[in-house]
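Me: I would like to learn how to read a sheet and a core. Can you take me through one structure, step by step?

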Amino acid sequence: MPTTTATLTLNTSEFSGGGTLTKSARVYKAAATDDISVVAASAYTDAKAHKVYIKNTSDTDVTSYLLVEMASNVILGRLYPGDWLFLPTDGTTDIKVSTSAANMYYEFAVFHEG
């Protein structure tokens, strides 16, 4: 399976400290895995305008999916290969994903204040 990497580059004078920030992230799971933490509420300041991006980048069987959930098993939905979401969060709730099959790839980013 080919490996690709998503890259985010920010370059603006408004960015704290100026300059450029580049971060690449792609996750591979060799086996179906439950409750993978994407956002741990304890790591972020609450009552802020955080955003979460998650994409199923797998090119495996079209029936494989990422199950996205928050809090105590509140299911947000399934992301099939190629599906993505961009979700606002206030930083007070954990967000997790579970892979439904082996050999799955996904990517995520958390944009946060403070």
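This is a predicted model: local features need pLDDT of at least 70, side-chain atom pairs count only at pLDDT 80 or more; totals for chains, interfaces and linings use all residues.

Me: Which strands pair here, and over how many bridges?

Reply: First the general idea. Strands of a sheet pair through backbone hydrogen bonds, either parallel or antiparallel. Here, strand S5, residues 50–56, pairs with S8 over six bridges, in the antiparallel sense.

Me: What is the order of strands in the sheet?

Reply: Read S3-S10-S5-S8. That makes an open sheet of four strands, paired antiparallel. Strand S3 (27–29) and strand S8 (84–89) each have a single partner strand, so one side of each lacks a neighbour in the sheet. On average, neighbouring strands are turned by 20° against each other, direction ignored.

Me: Now the core. Is Val 68 buried or exposed?

Reply: Check the relative accessible area. Buried means under 20%. Val 68 has 1%, so Val 68 is buried. Val 68 lies in strand S6, residues 66–70.

Me: What does Val 68 touch, leaving aside neighbours within four places in sequence?

Reply: Its contacts include Ile 54, Leu 79, Leu 85, Ile 95 and Val 97. Take Val 97: 29 residues separate Val 68 and Val 97 along the chain, yet their C-alpha atoms are separated by 4.6 Å.

Me: How many residues has the largest nonpolar core?

Reply: It has 13 residues. Ile 54, Leu 66, Val 68 and Val 97 have the most contacts inside it. S4 (36–39), S5, S6, S9 (95–99) and S10 (104–111) each supply at least two residues of this core. S4 gives the most, with three residues.

Definitions and conventions. Residues are numbered from 1 along each chain as its sequence is written. Side-chain values use heavy atoms; hydrogens and water are left out. Two strands pair if DSSP finds at least two bridges between them. Axes are lines fitted to C-alpha atoms, for helices over the stretch in contact, and angles run from 0 to 180 degrees between N-to-C directions. Buried means under 20% relative accessible area, exposed over 50%, partly exposed in between (1.4 Å probe, protein chains only). Contact means heavy atoms within 4.5 Å. A nonpolar core is a set of buried Ala, Val, Leu, Ile, Met, Phe, Trp, Tyr and Cys residues joined through side-chain atoms within 4.5 Å.
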